[in-house]
Amino acid sequence: MYIIKNAFRNIFQNAGRNIMIAAIFLLVITMSCIAIVIRDNTDAIAKEYKGQLSTQVFIEKDYNKISDKSNEDPDFTTPPITNEIVKKMASSKYLKKVEYSASLEAVADNLTFKEKVDKRYSELQRAGEAPEKARIPYMQISGYDNVANAKTFQNRQAQLNEGKFPGTANEALISDELAKLNNLKVGDTFQAKDIHDQGMNGKQLKEMTFKISGIYHNSNTDTYSEVFTKTDYLINEDYAYKPLLQGTYYLSNPKDLDNFKKEAYASGLSEYYSVKTDDVAYNAFIKPIEQMSTIATIFLGVVLVLGATILLLLSMLAIRERKYEIGVLRAMGMKKSSIIIQMLLESAMIMIVCLAIGLLIGSLLAQPITDFMLADKLASQGLNTGLSQNIGNAMNGSLATDNAPITHINAILSITSIAQLSGVGLLLVLLASLVSSFYAMKFEPMRILRERN
């Protein structure tokens, strides 16, 4: 108990010196916190995106072939990918998993929107199809087996604010803007319907009733009216004019792409579609994230080395000033181990305070620094043009997907990061205390007292 009391008293008796040591402790912990948060979060996202882009198969129209065919036959239309073909391809033995999705243009007359709702009917003309009499759409309903896998949520453009992702056919997510316009909250219901009154089979289409399971925020306010739900209603002829199922395929092994491609064409996929993984996006989108992780790791190493060196020098200078105190304690009979423990306790007390403050400051600074680094890396890669550029590349056949670069990384201080920082703090305490105290222990008590002046 005496050792603890004496260590606590010494901290305040030598306030000037300890403030300098605390300042270095705090600086090292804060900088280490920022570096570890950036490294851990960028590593997690890079790993997730790598797995997706290296195994996900993208099936896109081959515009070069279509253009050549159109020149030969002006009436040519690209054969559609039917629901039957989608399901046949899904049965391939080379796939790890398949995620289904569907979409539907809809109207909801009982809801309020930012724009004035036009309830008139008009004729819609789709390529290669007869004109259709339908309402002007002002709502997009997107369905997924697992809404959390929607591209909007995967690339961090949208985040779930309240509630949960839909788990049943009649549950849906709406945007916070749409919820605010209509005073809706989680648990409320609303109705929507296809823009057509009748299905392709001539039957009257039913209205869909959704229960709000969650509310999301989308950084792109132009898509505030998009509703996310399961695929059930959207591929049901009772609710959808033209149920069209889409499949997202993931290979068990990227090397099986050619084998899967053969099976896809054998399943009825037209030759006017290309089948490939997104190597271009893989290299372009992952590289900035990996560079951020590398920079953070190097920065962490530099901070630890410089911080430990400065702390060691300060501690040794402080011990030189305390040689007389150590000599008196030794002369009184205090063991070397007890003096070392006291030194450790003094450093540990200072470190605990600095660790708490450093975690708070570091977690607050990590997000803006992460945003700045990501923006700089994206700009250096020429990816700040976003999705429109990627779609343009896809039209030219050089990019297999409409994947957008990761434009936001949540710099979250996790339990793992806190544990790592605690380890950093412990390492600094050991270096600052043990080395300096052992330096002081090499002198005999009587020699220290004789050399007081």
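Select Arg135 and Asp109 to begin: their side chains meet in a salt bridge, with N to O at 2.8 Å. The term salt bridge here denotes a side-chain nitrogen of Lys or Arg within 4 Å of a carboxyl oxygen of Asp or Glu. This pair links distant parts of the chain, since Arg135 lies in strand 4 (residues 132-135) and Asp109 in the loop between strand 2 and strand 3 (121-124), 26 residues apart. Helices (H or I, at least four residues) and strands (E, at least two) are DSSP runs, numbered from the N terminus. Arg135 is buried, at 6% relative accessible area, whereas Asp109 is partly exposed at 39%. Buried means under 20% relative accessible area, exposed over 50%, and partly exposed in between (1.4 Å probe, protein chains only).

The model is predicted: local features need pLDDT of at least 70 and side-chain atom pairs count only at pLDDT 80 or more, while totals for chains, interfaces and linings use all residues. Residues are numbered from 1 along each chain as its sequence is written, and side-chain values use heavy atoms, with hydrogens and water left out.

Next, select Lys114 and Glu177, a salt bridge whose closest N and O atoms are 3.2 Å apart. Lys114 sits in the loop between strand 2 and strand 3, and Glu177 in helix 6 (residues 176-182), 63 residues apart. Lys114 is partly exposed at 43% relative accessibility, and Glu177 is partly exposed at 24%. A further pair to display is Lys185 with Asp188, at 3.5 Å from N to O; Lys185 is exposed, at 52%. The count of salt bridges comes to nine.

Which residues have the most contacts inside the largest nonpolar core? They are Phe113, Met139, Ile141, Ile174, Phe190, Met208 and Phe210, in a core of 29 residues. Strand 2, strand 5 (139-144), strand 7 (171-175), helix 6, strand 8 (189-194) and strand 9 (208-218) each give two or more residues to this core. A nonpolar core is a set of buried Ala, Val, Leu, Ile, Met, Phe, Trp, Tyr and Cys residues joined through side-chain atoms within 4.5 Å. Centre on Met208: leaving aside neighbours within four places in sequence, its contacts (heavy atoms within 4.5 Å) include Leu104, Ile141, Phe190, Tyr233 and Tyr239.

Move to helix 4 (residues 83-90), where Ile85, Val86, Met89 and Ala90 are buried. These residues lie on the same side of helix 4 because they cover an arc of only 140 degrees around the axis, the arc being that of the directions from the helix axis to the C-beta atoms. The face turned away from the buried side of helix 4 carries the exposed residues Glu84 and Lys87. The buried residues of helix 4 pack against strand 1 (56-61), strand 2 (95-107), strand 11 (246-251) and helix 7 (257-266).

Select helix 7 in turn; Leu257, Phe260 and Ala264 are its buried residues. They fall within an arc of 65 degrees, so they line one face of helix 7. Lys262 and Ala266 are exposed on the face of helix 7 turned away from the buried side. Cover for the buried residues of helix 7 includes strand 1, helix 4, strand 2, strand 11 and strand 12 (273-277). Gly268, which follows helix 7, has a positive phi near 115 degrees.

Finish with Leu364, in helix 10 (residues 336-380); Leu364 counts as exposed at 59% relative accessibility.
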